[in-house]
Amino acid sequence: MSAAIRVLRLISSPRGAESESLRLSHLVLDGLAGQHSLQVQDVDLNDLQHVDRDYAMALASPSDADQAEPGSALQRSAELISQLDEADVLLIATPMHNYTVPSTLKAWVDHIVRIRMTFNGTPQGKVGLLRDCPVYVALASGGLISGEQARQPDFLRPYLQAALATVGLRNMHFFCVEGTARGEQALLEARAMAQSQVAAFFSAE
Ligand SMILES: Cc1cc2nc3c(=O)[nH]c(=O)nc-3n(C[C@H](O)[C@H](O)[C@H](O)COP(=O)(O)O)c2cc1C
């Protein structure tokens with residue numbers, strides 16, 4: 001077995017231990033653990049505040065390097081960016097909320113997609129500054145979001161792909177438990193399908 005890898009796991013569901021996306025993320029950790037020893041850092045995004053006025057003003061100014069007061073959103077942002085920068089693998093456990101990411105995860109994105117820190121603006125567009133690392137997303141949705149039977153839009157996957165590509169993270173893989181609101185039998189089937197997809201993915205790696 002190779003050396004320990006650092007896994008940063010983001011928890012964005014408000015449902016605590018009952019969370020389906022958290023449950024799925026455990027399976028992803030099991031898959032990773034079959035290949036590496038893991039050092040897992042959990043960050044519960046339910047505790048994360050929104051960015052604030054000073055943060056927005058600083059990002060709009062030509063330089064914001066020295067403005068981080070203790071406890072400020074700018075300092076929180078710097079800490080979250082360091083966590084991300086130090087991770088070998090990013091694992092995001094997320095439900096779908098109203099066709100996209102929950103506001104907890106959006107708040108994290110607002111802290112880490114930061115000009116001069118994680119991307120630069122260029123005439124050709126935004127250029128990411130982070131070292132690329134694998135990103136696994138454990139996604140739970142009440143309805144279906146894939147295939148011909150899906151009856152709702154999915155802004156979550158394209159949004160996360162675009163947001164993380166902005167900072168240089170392009171190696172993303174989504175695992176989904178879909179239809180958690182469709183009854184007990186459908187839930188068990190969705191869990192079993194996700195479990196076999198995770199197992200197949202990591203056995204092929
Ligand atoms: C505020 C809110 C909005 C939701 N919006 C959607 C939605 O747009 N599409 C969907 O399929 N499920 C939606 N759901 C259902 C959740 O995605 C589903 O219950 C999921 O399994 C929850 O995962 P979790 O247990 O990890 O929180 C929503 C749930 C909540 C609480």
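Student: Where does Arg116 sit?

Tutor: In this predicted model, Arg116 is in the loop between H4 and strand S4, with S4 running over 119–122.

Student: OK, on to Tyr99. What is its phi near?

Tutor: Phi of Tyr99 is near 75°, again a positive value in a residue that isn't glycine.

Student: And which loop holds Tyr99?

Tutor: Tyr99 belongs to the loop between S3 and H4. With 38% relative accessibility, Tyr99 counts as partly exposed.

Student: Which ones are they, the buried residues of H4?

Tutor: Thr104, Leu105, Ala107, Trp108, Val109, His111 and Ile112.

Student: Switching to strand S3. Which residues does it span, and is Leu91 buried or exposed?

Tutor: Strand S3 covers residues 89–95, and Leu91 is found in it. Leu91 counts as buried because its relative accessibility is 0%.

Student: How far apart are the C-alpha atoms of Leu91 and Tyr55?

Tutor: They are separated by 26 Å, with the two residues 36 residues apart along the chain.

Student: Now the ligand. How many residues surround it, and which are the closest?

Tutor: There are 16 residues around the ligand, and the closest are Ser13, Ser19, Ser21, Met96 and Thr180.

Student: What classes make up the shell around the ligand?

Tutor: The shell has ten polar, four nonpolar and two charged residues.

Student: Which helix and which strand each supply at least two residues of that shell?

Tutor: Helix H1 (20–33) and strand S6 (135–141) each do.

Student: What lies 2.6 Å from an oxygen atom of the ligand?

Tutor: A polar side-chain atom of Ser21. Thr180 also has an N or O atom in its side chain at 2.7 Å from a ligand oxygen. On the backbone side, a polar atom of Ala140 is 3.5 Å from an oxygen atom of the ligand.

Student: How much of the ligand does the protein bury?

Tutor: The protein buries 73% of the 640 Å² that the ligand exposes when taken alone.

Student: Which residues does the UniProt "binding site" annotation cover?

Tutor: The UniProt record, an unreviewed entry, puts that label on Ser13, Ser19, Glu20 and Ser21. From this set, Ser13, Ser19, Glu20 and Ser21 are in the lining of the second largest pocket.

Student: Where's Ser13, and is Ser13 buried or exposed?

Tutor: Ser13 is in the loop between strand S1 (2–11) and H1. Ser13 counts as buried, because its relative accessibility is 6%, and the cut-off for buried is under 20%.

Student: Last one: Gly183. Which loop is that in?

Tutor: Gly183 is in the loop between strand S7 (172–178) and helix H6 (184–204). Gly183 counts as partly exposed, at 33% relative accessibility.

Student: And what separates the C-alpha atoms of Gly183 and Gly142?

Tutor: A distance of 9.9 Å, for two residues that are 41 residues apart along the chain.

How values were computed: Residues are numbered from 1 along each chain as its sequence is written. This is a predicted model: local features need pLDDT of at least 70, side-chain atom pairs count only at pLDDT 80 or more; totals for chains, interfaces and linings use all residues. Side-chain values use heavy atoms; hydrogens and water are left out. A residue is near a molecule or strand if one of its heavy atoms lies within 4 Å of it. A polar contact is a pair of N or O atoms within 3.5 Å; within protein, one must be able to donate a hydrogen and the other to accept it, and residues adjacent in sequence count only if both atoms are side-chain atoms. Accessible areas come from the Shrake-Rupley method with a 1.4 Å probe; for residues, only the protein chains shown count as cover. Helices (H or I, at least four residues) and strands (E, at least two) are DSSP runs, numbered from the N terminus. Ala, Val, Leu, Ile, Met, Phe, Trp, Tyr, Cys and Pro count as nonpolar, Asp, Glu, Lys and Arg as charged, and the others, Gly among them, as polar. UniProt positions are given in the numbering used here, feature names are shortened, and annotations may be inferred rather than shown by experiment. On a 1 Å grid over the protein atoms alone, a cavity is a set of points where a 1.4 Å probe fits but cannot get out, and a pocket is an open set with protein on both sides within 12 Å along at least five of seven lines; lining residues have an atom within 4 Å of a point. Buried means under 20% relative accessible area, exposed over 50%, partly exposed in between (1.4 Å probe, protein chains only).
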